[in-house]
Amino acid sequence: MQARLTLRPRSTSATVPVRRLGRAGAPLVVGGALALFLSILLIFQLIPLVWSAYLSLHSWAGVGTPRWIGISNYARVLSDPTIRIAFLNTGLFILLIVPLLTALSLLLALLLNQVLLPLRGALRVLVFLPYITPAVVAAIIFTIVFNERFGQINALLQLVGLPAVNWLKSATGARLVVTFVAIWQVLGYTTLITLGGLQTLPTELYEAAMLDGASAFQRFWTITVPLMSGTLAVVSIVSLLFVLNLFSPYFLFPATNGYGPERSAVTVSVVQYVYAFTNRRYGDAAAVGTLVGILGFLIALIQLRLWRTSRGWS
Amino acid sequence: MKARAHSRSEPTYRRRLWRWVLLLVGITTALPFALPYYVVLILSFMPRSAIMQPTLHLWPDPWIWDNYLRLFRGEWVLQVSIFRSIANSFLLATGQTIPMLLLCSFLAFLFAKWDFPGRTLLFGLSLATMFIPYQATLVAFYLLITRLGWLNTFFPLWVPWWVPGFAIFFLRQYIRAAVPDELLDAGLIDGADLFRQYRSIVLPLILPGLVVVGVLNFVNAWNDYIYSNLVFTNMHLYPSTLYLYSFQGSRIAVPEYGMMTAASILSGLPIIVLFLIFQRQIISGLTRGALR
C-alpha cells in the first residue's frame with residue numbers, strides 16, 4: 001500500500017505500527033469489529049457503572065421514579081449492622097488469608113521448582129485443579145467433609161483421639177473453613193505466579209553464594225527473598241483482590257443466605273448480593289458496590305504499579 | 001537452583017536422599033489437594049444412609065449407581081436431567097468463548113499491527129475495564145438486562161463478555177511476539193487485504209495463545225454463578241452451577257448428599273478434562289506471566 005511501508009526499518013520492536021488502516025481493505029469488517037467493541041464497552045460497562053453510582057445516590061425500590069437523597073444510602077449502609085460486620089469480616093479474612101497465601105505460594109513454588117522432585121508436572125497440575133473447580137462444587141465438597149456429625153475431617157480427628165469440632169455451626173469454625181477453602185481454591189494460581197518469578201532469578205548468584213559457602217537457608221534469606229519481593233508483592237495484591245471478591249460463604253452457608261453462624265462469615269460481596277437480589281434493596285446494594293468498587297480500583301492501581309516495577313528489573 | 005548444583009557436584013547418595021525427601025514432601029503437599037476430590041468421588045457411589053455414618057470412608061461400601069441414575073432421570077425437585085444443565089453450560093460457555101476469541105484476536109491484531117485514529121484511546125479504554133470490580137456494576141447490570149428483555153436468555157452471558165480486557169491485552173502481546181512484520185508486508189504485496197491477512201497469517205500463528213485464553217475463559221464461563229443466577233428463573237435453562245446450587249440451597253431437612261456428590265463430579269468433569277487436555281499450555285502460559 002503506502003511507499004513508507006517498504007521503507008520501514010526492520011526492527012520489529014517499534015511500539016507504533018506504521019501500517020495505516022485507511023487503505024488496507026476490508027473496511028466493513030474493521031468498522032464492524034470496532035463498532036461492536038465500542039458498543040459492548042459502552043452498554044455493558046460504562047452505563048451500568050454510571051447507573052449504579054446514580055442509584056447509590058437515590059431512593060428507589062424497583063418501581064416509580066428514583067428520588068435524590070444524596071449520601072443517605074451511604075450513611076445508612078455504613079451504620080447497618082450486617083454491612084458493618086461484612087466489612088469487618090472481609091478485613092479479618094484479608095488479614096488471615098493474604099499473608100498465609102503469600103507465604104504458602106513461595107514455599108510451594110520453591111518445591112515445584114526443584115528439578116529432582118518426582119512427578120513435578122503432575123503436582124503442578126494437581127495444585128492448580130481447585131482453581132478451575134466451580135466454587136459451588138468446592139462448597140459442596142467441603143460442607144460434606146467438614147460436617148460436624150459425619151464429615152471425614154471429624155472422623156479423622158476422632159480416629160486419632162481428638163474431639164470432633166463444630167466446624168460449620170460455630171463462628172470460629174466457620175471462619176476457619178472459609179479461610180481454608182479460599183486458600184485451597186486460589187493457592188495453585190498464586191503459586192504459578194510465584195514460580196514464574198523464581199524462574200527469572202539469575203542462577204549465577206546462587207552459584208557464587210555456594211562457592212562462598214553460604215548455607216541453603218542463608219541463600220534463601222539473602223538472595224531468594226529480596227529478589228522475589230516484587231513478585232511476592234504482586235501475589236499479595238492478587239490475593240487481596242481475591243478476598244475482596246470472596247463469595248464462597250454464599251455457597252458454604254446456604255441456610256443463612258451466606259451469612260454463616262452469628263453472621264461470622266458474611267463478606268461484602270455476599271451482603272451486596274443478598275441485599276440486591278434477595279431483599280431488592282437496590283440503592284443500598286449499589287452504595288456497597290460503589291464503595292467496594294472504589295476500594296478494588298485503588299488496589300488494582302497499586303497492583304499495576306507493582307507489576308510494572310517487578311517486571312522492570314527482570 | 002539448589003538441586004541443579006547438587007546434581008553436578010555432590011555424590012550420588014546425597015542426590016538420592018534429596019530425591020526421597022522431595023518425594024515425601026511432595027506427597028504430603030499433594031494430600032490436601034487430592035483427598036477432597038477422592039472423598040467426593042467415593043461418596044458419590046454410596047447411599048445417603050452410608051454417607052451419613054460417622055466413620056472414615058476409604059472405599060464405597062456398599063457400591064451403588066443410584067445417585068447417578070437418579071440424576072440422569074432428573075429425580076429431584078427440579079425434575080430436569082443433569083445432562084440438560086450440562087448441555088446448557090456448554091451452550092453458555094461456547095457462545096461466550098468462541099465469538100470472544102474471534103473478536104478479540106481481530107481487535108488485538110488491529111491494536112498490535114495497525115495505526116488508526118483513536119487507537120491508543122480505544123486500547124486504553126479496554127485496559128481500564130479490567131480495573132472495574134464487578135460489584136460496582138452488578139446492580140445496574142441486572143436492571144439493564146431486565147429492561148432489554150434478556151431474562152431467561154443466554155444473551156446476558158454471551159454479548160457483554162465478548163471483549164474482556166485481559167484477552168485483548170494478552171493477544172496483542174502475543175501477536176507482537178509471534179507475527180513478524182515481514183510476513184504481513186509480504187502478504188500486502190500479494191494483495192491480501194487486512195482480513196485475509198488475519199485469517200491466513202495471524203490466526204494460524206497465534207493458535208497456542210488462543211488456546212490459553214479460550215480455555216481459561218471457557219472455565220470462567222462454566223463456573224459462573226453470580227450472573228447466571230440473576231438471569232435464569234426457568235429451570236430448563238439452568239446451567240450446571242445453578243443446578244448444583246438447587247441441592248446445596250434446598251431447605252429440606254436431610255440433604256440428598258449422594259446426589260449432590262454425584263452431581264458435583266458430573267458437572268466438574270467436563271472442565272477438568274478440558275483443562276487436562278491443554279494443561280501444558282495453560283500452566284506454562286500462567287507461569288511465564290503472560291496472563292495477569
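In chain B, helix 5 brings Ile86(B), Ser89(B), Phe90(B), Leu92(B), Ala93(B), Thr94(B), Gln96(B), Thr97(B), Met100(B), Leu101(B) and Ser105(B) to meet Leu210(B), Val213(B), Gly214(B), Asn217(B), Phe218(B), Ala221(B) and Trp222(B) of helix 12 of chain B. Contact here means heavy atoms within 4.5 Å, and helices are DSSP runs (H or I, at least four residues) numbered from the N terminus. By class, this contact has 11 nonpolar, seven polar and no charged residues; Ala, Val, Leu, Ile, Met, Phe, Trp, Tyr, Cys and Pro count as nonpolar, Asp, Glu, Lys and Arg as charged, and the others, Gly among them, as polar.

The axes of helix 5 (residues 82–113) and helix 12 (residues 207–223) of chain B come within 9 Å and cross at roughly 145°. Axes are lines fitted to C-alpha atoms over the stretch in contact, with angles from 0 to 180 degrees between N-to-C directions.

## About the model

This is a predicted model, in which local features need pLDDT of at least 70 and side-chain atom pairs count only at pLDDT 80 or more, while totals for chains, interfaces and linings use all residues. Residues are numbered from 1 along each chain as its sequence is written, chains are lettered from A and ligands numbered from 1 in the order in which they are written, and side-chain values use heavy atoms, leaving out hydrogens and water.

## Where the chains touch

Between the chains, 104 residues of chain B are in contact with 109 residues of chain A. The area buried between chain B and chain A (the accessible area, with a 1.4 Å probe, that two parts lose on being put together, summed over both) is about 10,200 Å², and carbon and sulfur atoms give 74% of that area. On the side of chain B that touches chain A, helix 2 (residues 12–43) of chain B gives the largest share, 17 residues. By class, this side of chain B has 69 nonpolar, 19 polar and 16 charged residues.

How many salt bridges does a search of the whole structure find over all chains? There are 10, each a side-chain nitrogen of Lys or Arg within 4 Å of a carboxyl oxygen of Asp or Glu. Across the interface of chain B and chain A, the rule finds zero.

Asp80(A) forms a salt bridge with Arg281(A), with the closest N and O atoms 3.5 Å apart. The pair ties together parts that are 201 residues apart in sequence, because Asp80(A) lies in the loop between helix 3 (72–79) and helix 4 (81–112) of chain A and Arg281(A) in the loop between helix 12 (268–277) and helix 13 (282–312) of chain A.

Key. Helix = DSSP H or I, 4+ residues; strand = E, 2+ residues; numbered from the N terminus.
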